[in-house]
Amino acid sequence: MEEIGFEPIDSQTLEAERLEAERKLQEHADFLAIQSKILELPPKYQDVITLRYFERKTVKEVAEILNTKEGTVKSLLSRGIKKLQKLL
């Protein structure tokens, strides 16, 4: 009968996997921190930042969704990002 098991992992592979796991964990923690700070912004900034950067919509698509002009979206993004930077 054939044994089913795992191949031993060398220390370099194990270290590389540990570092990658730590990087992903830090990336997730950063995401959660930014997300919580976005919630501190006024809703008009939350909307444009979320649509543009988290839902990956174009400025034109954001303008259509929010029924506003592209210039307004660009302005809200600029001001919203500046406010967000101050919170971080």
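The mean positions of the 15 positive and 16 negative charges of the chain lie 20 Å apart. Lys and Arg are counted as positive and Asp and Glu as negative, with His and the chain ends not counted; each charge is placed at NZ of Lys, CZ of Arg, CG of Asp or CD of Glu. The model is predicted: local features need pLDDT of at least 70 and side-chain atom pairs pLDDT 80 or more, whereas totals for chains, interfaces and linings use all residues. Residues are numbered from 1 along each chain as its sequence is written, and side-chain values use heavy atoms, leaving out hydrogens and water.

The chain contains four helices and zero strands, in the order α-α-α-α from the N terminus (DSSP runs of H or I of at least four residues for helices, and of E of at least two for strands). The radius of gyration is 21 Å, well over the 12 Å given by the globule rule for 88 residues, so the chain is more spread out than a compact globule (C-alpha atoms; 2.2 Å times the number of residues to the power 0.38). The C-alpha trace spans about 70 × 30 × 20 Å along its principal axes.

Of the 88 residues, 17% are buried (under 20% relative accessible area, 1.4 Å probe, protein chains only). Beyond its neighbours within four places in sequence, I49 is in contact with I38, L41, F54, L77, G80 and I81 (heavy atoms within 4.5 Å).

Methods: Buried means under 20% relative accessible area, exposed over 50%, partly exposed in between (1.4 Å probe, protein chains only).
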